[in-house]
Amino acid sequence: MKSFTYSRATSVADAAKTAASTQGARFIAGGTNLLDLMKLQIETPTHLIDVNHLGLDRIEPTPEGGLRIGALVRNTDLAADKVVRRDYGVLSRALLAGASGQLRNKATTAGNLLQRARCPYFYDTNMPCNKRKPGSGCGAIGGISRSLAILGVSDACIAQHPSDMAVAMRLLDAQVDTVGADGVARAIPIVDFHMLPGDTPHVETALKSGEIITSVTLPKPIGGTHVYRKVRDRASYAFALVSVAAVFGKDGGSRFALGGIGAKPWRTPAADAAASSGAKAVAEAALNGARTTHHNDFKKTLVERTLASLYRHKEARS
Amino acid sequence: MPSDHLTRRSLLQGSAAIAAAAPALAPAGAAAARPTAKEGTGMIPVELTVNGREVHLQLDPRTTLLDALREHLHLTGTKKGCDQGQCGACTVIVEGRRINSCLTLAVMHDGDKVTTIEGLGTPDKLHPMQRAFITHDGYQCGYCTPGQICSAVAVLDEIAAGIPSHVTPDLDKVSLSDSELRERMSGNICRCAAYPNIIAAMNDVAGETKA
Ligand SMILES: Cc1cc2nc3c(=O)[nH]c(=O)nc-3n(C[C@H](O)[C@H](O)[C@H](O)COP(=O)(O)OP(=O)(O)OC[C@H]3O[C@@H](n4cnc5c(N)ncnc54)[C@H](O)[C@@H]3O)c2cc1C
Ligand code: SF4
Ligand code: FES
Ligand code: FES
């Protein structure tokens, strides 16, 4: 690890201001992603602002009937929250499918949304990587790409977004609440929060310099049967090859979001519209425009089969 | 910041850093006045309660909780396997919850209560989980064992608290089963594959607690 200085933020406004005015400053929440990357010197902040003591760890109902989840709520607590279990089951399920018990006890809502790529070439500092070192090239294109994305990719980067939680957040149309360096609050719809790589894969989110996430807000519950299915190389404690979050509505209206296959959590209106036509139709709609490699072409089949298993699960339950 | 950076660097290269970081026990009964950061050294005062004992450290902010325990407090029961959150050997219980001590900074835990394997029980007075691991042969080389035991103790608490897992069929009905224990222990890798015996040990302790 490169050396850095450390401070505990005393208020949200203070955190945002310090972050914007201190070159090389970063927020630290659970630290489970940032510290991992700092040990490898993929991240080299010169100052860490600890945001753990700002009281951003509450889950509260909103006047609109939704739920406001503090940025520092731990993944364990969010998954176990009574209201989340009852009204947003797909979110509980997605969280519980991620990482390990120890990691979920530390990992936070904001940190989870902001976790960085798991591309093996991003982690190997001897290899070119446009995300880690803009302009250096992409080791994964033409390299080993089995785990990587097939949707939203570019000629500069094909990394998949690794989060499980973010897939459920995308499905539920969450909104990311922030405060900027100027102290002004804004709300970013989750669909606009993560950026596609394009020519600038190092720009990963819509956050501006110093901007701090204060909460993530869910709209009012949509009912239906909530499911999250994750397919991975081992039964637990592994990132998704493919994951599907779904809510099957009673009226036939359903929605789907996919993980493990997109440069960001993936959801398309066409896939939701195809719900009544079954798994094959949904898969076809969702995978429209997919760009695969020899190594990860299997993910297309896996998406269809995972969807089919969700449909069977839903039928068994209704 | 650049000058500060240099000072800390050169300081760290000298053995002075090691001496300065030696643990200092709080004098009995002394009011714990919180020391402030020493200007210019980059060292930060950290106060922890480890296994019931209050300790005061001066640490480089880079020090992980794991390194603070092992290198500064010489509590070497907690192991370093991967140092990346991938094995669970470093599992300790902080403020009642199990975490990977390798992926957190000691300075982030100023004021926290930490329990390590040394604090769960002693050779003369074993924790029931430690005894059960011995009875059921829940290890071979033993390297992962401190982490396994800390995790196992916390897992039974999590089940008792009704925290669901990936394999819980109904999120509101959390109960004990082998598949629950296996899923919840997946963050602790055992290279010797003592898994079946670990599950047996956990079931043993869970039964005892229930009775
Ligand atoms: C071995 C291992 C396995 C894993 N498996 C999975 C898995 O299967 N599925 C999965 O989804 N995840 C998995 N993870 C990733 C894990 O979920 C993330 O590491 C975690 O969610 C990050 O949260 P954190 O609070 O620790 O973030 P940190 O490491 O503290 O921060 C991450 C980033 O977010 C920024 N940040 C934090 N809080 C804020 C804020 N409030 N405002 C603005 N910026 C902020 C930080 O500056 C940093 O850039 C795994 C991790 C490990 C180590
Ligand atoms: S796919 Fe993206 S993260 Fe992976 S090497 Fe290429 S640029 Fe880097
Ligand atoms: S040493 Fe911490 S998880 Fe491996
Ligand atoms: S007993 Fe050897 S690694 Fe678990």
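Predicted model: local features only at pLDDT ≥ 70, side-chain atom pairs only at ≥ 80, totals over all residues.
The ligand lies between chains A and B.

Backbone atoms of chain A approach the oxygen atoms of ligand 1. A backbone N or O atom of A29(A) is 2.9 Å from an oxygen atom of the ligand. For N33(A), a backbone N or O atom likewise lies 2.9 Å from a ligand oxygen. N112(A) also takes part: one of its polar backbone atoms is 3.4 Å from an oxygen atom of ligand 1.

Ligand 2 has 14 residues around it. By class, the shell of ligand 2 holds 11 nonpolar residues, two polar residues and one charged residue.

Helix packing was examined next. Two packed helices are described by the angle between their axes and the distance between the axes. In chain A, helix 12 spans residues 279–286 and helix 13 spans residues 298–317. Their axes come within 8 Å and cross at roughly 140 degrees. Angles over 145 degrees count as roughly antiparallel and those of 65 to 115 degrees as roughly perpendicular, so a value between these ranges is oblique. Helix 12 of chain A and helix 13 of chain A are therefore oblique to each other. The crossing of helix 12 of chain A past helix 13 of chain A is right-handed. Helix 12 of chain A contributes A279(A), K280(A), V282(A) and A283(A) to the contact. Helix 13 of chain A meets them with V303(A), E304(A), L307(A), A308(A) and Y311(A). Seven residues of this contact are nonpolar, none is polar and two are charged.

Helix 5 of chain B covers residues 128–135, and helix 6 of chain B covers residues 145–160. The two axes come within 10 Å and cross at roughly 120 degrees. That angle makes helix 5 of chain B oblique to helix 6 of chain B. Helix 5 of chain B passes its partner, helix 6 of chain B, in a right-handed crossing. From helix 5 of chain B, the residues in contact are M129(B), Q130(B) and F133(B). On the side of helix 6 of chain B, they are T145(B), Q148(B), I149(B), A152(B), V153(B) and L156(B). This contact comprises six nonpolar residues and three polar residues, with no charged residues.

Definitions and conventions:
Residues numbered from 1 in each chain as written. Chains lettered and ligands numbered in written order. Heavy atoms only, no water. Axes fitted to C-alpha atoms, helices over the stretch in contact; angles between N-to-C directions. Helix = DSSP H or I, 4+ residues; strand = E, 2+ residues; numbered from the N terminus. Parallel < 35°, antiparallel > 145°, perpendicular 65-115°, else oblique. Left-handed = near helix turned anticlockwise from the far one by under 90°. Contact = heavy atoms within 4.5 Å. Nonpolar A, V, L, I, M, F, W, Y, C, P; charged D, E, K, R; others polar. Near = heavy atom within 4 Å. Polar contact = N/O pair within 3.5 Å; in protein donor to acceptor, adjacent residues only side chain to side chain.
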